[in-house]
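This report describes one protein model for a reader who has not seen it before.

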Amino acid sequence: QSAVNVPRDFEGCSTLRKYFGQLHYLQSRIPMGAEQEAAVPIAWTEIFSGKTVTHEDIKYEQACILYNLGALHSMLGAMDKRVSEECAAGAFTYLRDHFPHSYSVDMSHQILNLNINLMLGQAQECLLEKSMLDNRKSFLVARISAQVVDYYKEACRALENSETASLLGKIQKDWKKLVQMKIYYFAAVAHLHMGKQAEEQQKFGERVIYFQSALDKLNEAIKLAKGQPETVQEALRFTMDVIGGKYNSAKKDNDFIYHEAVPALDTLQSVKGAPLVKALPVNPTDPAVTGPDIFAKLVPMAAHEASSLYSEEKAKLLRDVMAKIEAKNEVLDQFMDSMQLDPETVDNLDMYSHIPPILMEKCAALSVRPDTVKNLVQSMQVLSGVFTDVEASLKEIRDLLEEDEAQERKLQELLGKIPPPQGSPPAPSPGLAEVSKECSKYMEVHEKASFTNTELHKAMNLHIGNLRLLSGPLEQVRAALPSPTLTEDDKQVLQNLKRILGKVQEMKDQRTSLEQQLREMIQKDDITTSLVTTDRSEMKKLFEEQLKKYDQIKVYLEQNLAAQENILKALTDANVKYAAVRKALAEVEHKWNTTVQTLVASYEAYEDLMKKSQEGKDFYTDLEGKAAKLLEKARAACQAAEANRQQILEKEMKKQPPPRPTAPKPALQKKAPELEAGGLDASDLPPLGSLVLSDLPEELRSL
């Protein structure tokens, strides 16, 4: 109802387009065409004859709606300001090209051609007027005007057709006369501007002939304009003033000044028209025009089948593209693996310009503990002191035991109770045996602890320098870290390699992005709606047209894949030059990492060193206490042993018989050195009672 009683405005055009689109959607689902099961009679009144024409064909309804759309556009164009070059010819063109011409005489081929060229001609007139107001170049204005003439000539040929003449009746003559008048008028305008161009080019002879031709054509237009409205007559008079004035002035100047030969018009190049207007396109399936398809849920099985076929075409396209991408990616991955170039670390120069965070953290921790090194040194000193005390005590005990053993041996030798020196030492007293046993145990423990203590001191000496460095100014820490020294050539080589690696990454990112775009396009590409409204015979053509939407992205992907070979060649060359720089950087990086790890290890070892130092102090303090007690015990035992030996010696001396009254043997003097050596024989000694202390060697006198 809205389409039949359409308002005469642009909203009416929108209504007609929507209705036309929905009819298109409907006829693709319901068999409402000529002689089909659901066909219904459709009646419209013919515009020229006034007769009612009926057809049982939904396409007739569509054709009539299209005709009215073109008519409404032409009416709106006539009412609008003459500044738009869009025109109503689109509806008539679509009607002529897509629908039968046998529905009614006003839809015949000739009538539609007439309408199309009348619309195009009037639209070109609007463009011509706009170009003149904008002061476009004379030659362009002449070409636009010549195209108006061409459109009206086509319209005039349609009007002269006998079928058209019989259909239009009296108005055919009026229209023909008006169109012919316009042909002459716009031909005059075209030649007027060709004359102006000749004037600009200082071709004064050509200027005269163009202005003369314009004047002649304008006179013909004036003859055909009899009976036209006063506005037309006024326009013609104004144009006559312009062209007449131009012609008279040009002829006078040439006759009296320039004296150029005036060529014949047919010897000059004809003016070719410039068709710059466009018909409003008609797309019956454009949702922006037709609105949503109100029959969208009615999808024929054939459309589903066609959609499956289209999906397979898309899948085939994707497989072909992915095969190429995967082949190139495999080559690229193998190449990059062989190069062993990590874009993230190939240029690690930045790391040398600052202290690493982990080291900064350790420096910060030590800055709030300024006595770290001092505490460690003091701990080492205390440990060394206790260690020395323990060692001194154990040495003194050992010396006491050795002294006691020596005294015991001498006594036994004196008494003749032990074999020569190569034999085993005399058995100590029970008290000293216990002291000796404990001393041996303490000595063993001390020796083991001494090794641990030595290692601990080595560790302390190793770490204390690092801790002192970490506690100092950051500049010193930074200076202690190694850094590379590169020449300008080395830097250039490195920069070039980075640039090419950037290109490799850019190529990979672009490839991934394009692949993702392609997948998303294919995923979202659903042409079921178009398939519903497309004839089966047109399916293959539709597939080809729809698949063209992927051509651009395929071109981009092919360019990306083709670039890989050149990029990898450039990377190979750059890597060769980079080899020496790479080796130097690797060595410096290794030293840097080792230094950092050593400094961090020193920090982390501090607590452990302090703990072990404390444990060492506790251990040696305990051992020192035990050693001191053992020392006292050893002294007491040695004193007791000494006293016991004195008693034994005194008893032995009392047991000896009185000396015989014989002269003393002088051999004693000779044998004395042997006593010192421990080689004294009992038969060589005089009875003990006959000896006086002054006669004894030094060793025996002490006993």
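Is Asp525 buried or exposed? Asp525 is buried, with a relative accessible area of 10%; buried means under 20% relative accessible area, exposed over 50%, and partly exposed in between (1.4 Å probe, protein chains only).

## Basis of the model

This is a predicted model, in which local features need pLDDT of at least 70 and side-chain atom pairs count only at pLDDT 80 or more, while totals for chains, interfaces and linings use all residues. Residues are numbered from 1 along each chain as its sequence is written, and side-chain values use heavy atoms, with hydrogens and water left out.

## Overall make-up

The protein has 703 residues, of which 39% are buried. Its secondary structure consists of 21 helices and four strands; helices (H or I, at least four residues) and strands (E, at least two) are DSSP runs, numbered from the N terminus.

The accessible surface is about 40500 Å², and carbon and sulfur atoms hold 53% of that. Accessible areas come from the Shrake-Rupley method with a 1.4 Å probe, and for residues only the protein chains shown count as cover.

## Salt bridges

There are 17 salt bridges in the structure, a salt bridge being a side-chain nitrogen of Lys or Arg within 4 Å of a carboxyl oxygen of Asp or Glu. One of them joins Asp525 and Lys549 (3.2 Å, N to O). This pair links distant parts of the chain, 24 residues apart: Asp525 is in the loop between H16 and helix H17 (528–532), and Lys549 is in the loop between H18 and helix H19 (551–655). Lys549 is partly exposed, at 36% relative accessible area.

Another salt bridge pairs Asp174 with Lys170 (3.4 Å, N to O). Both residues belong to helix H7 (residues 170–200) and are four residues apart, about one turn of the helix. Asp174 is partly exposed, with a relative accessible area of 39%, and Lys170 is exposed at 64%.

## A buried arginine

Arg511 is part of helix H16 (residues 488–524). Arg511 is buried but has no salt bridge, and the nearest side chain of opposite charge, Glu515, is 7.6 Å away. Leaving aside residues up to four places away in sequence, Arg511 touches several residues, including Ile325, Leu332, Leu557 and Gln564; contact means heavy atoms within 4.5 Å.

How values were computed
Lys and Arg count as positive and Asp and Glu as negative; His and the chain ends are not counted.
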